[in-house]
Amino acid sequence: DRFRLPPDQTLLMKVMGLKDARLTKLALEELLELDDRGRVRSTPELIERLRGIRSRDKETKELRDLFLEKLGH
């Protein structure tokens, strides 16, 4: 909670792959901020990684669903 993740799509996707709940949530938040600035590229790998997120946390699920919706998936 004390740290911020770097604004790099590739690195954020790797962080989500670690399957750590807190880091995944932070990565999703950072990716959404990048998307708001027009700095996210929709790739098959990104869509696959987002769809692979399994969480019991309601907010993480909402972030994932919002991001998939923004990407048109």
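Reader: Is Lys-25 buried, partly exposed or exposed?

Author: Lys-25 is partly exposed, at a relative accessible area of 22%. The cut-offs are under 20% for buried and over 50% for exposed, with partly exposed in between (1.4 Å probe, protein chains only). Bear in mind that this is a predicted model, where local features need pLDDT of at least 70, side-chain atom pairs count only at pLDDT 80 or more, and totals for chains, interfaces and linings use all residues. Residues are numbered from 1 along each chain as its sequence is written, and side-chain values use heavy atoms, leaving out hydrogens and water.

Reader: Which residue meets Lys-25 in a salt bridge?

Author: Side chains of opposite charge can pair when their charged atoms come close. Here the partner is Asp-57, at 3.6 Å, N to O. Lys-25 sits in helix H2 and Asp-57 in the loop between helix H3 (44–51) and helix H4 (58–70), 32 residues apart. For the terms: a salt bridge puts a side-chain nitrogen of Lys or Arg within 4 Å of a carboxyl oxygen of Asp or Glu, and helices are DSSP runs (H or I, at least four residues), numbered from the N terminus. Asp-57 is partly exposed too, at 32%.

Reader: What about Lys-70 and Asp-36, how far apart are their closest N and O atoms?

Author: That salt bridge has them 2.5 Å apart. Asp-36 is in helix H2 and Lys-70 in helix H4, 34 residues apart. Asp-36 is exposed, at 57%.

Reader: Where does Lys-19 lie?

Author: In the loop between helix H1 (9–17) and helix H2 (21–36). Most residues other than glycine have a negative phi. Lys-19, not a glycine, has a positive phi of about 60°.

Methods:
Helices (H or I, at least four residues) and strands (E, at least two) are DSSP runs, numbered from the N terminus.
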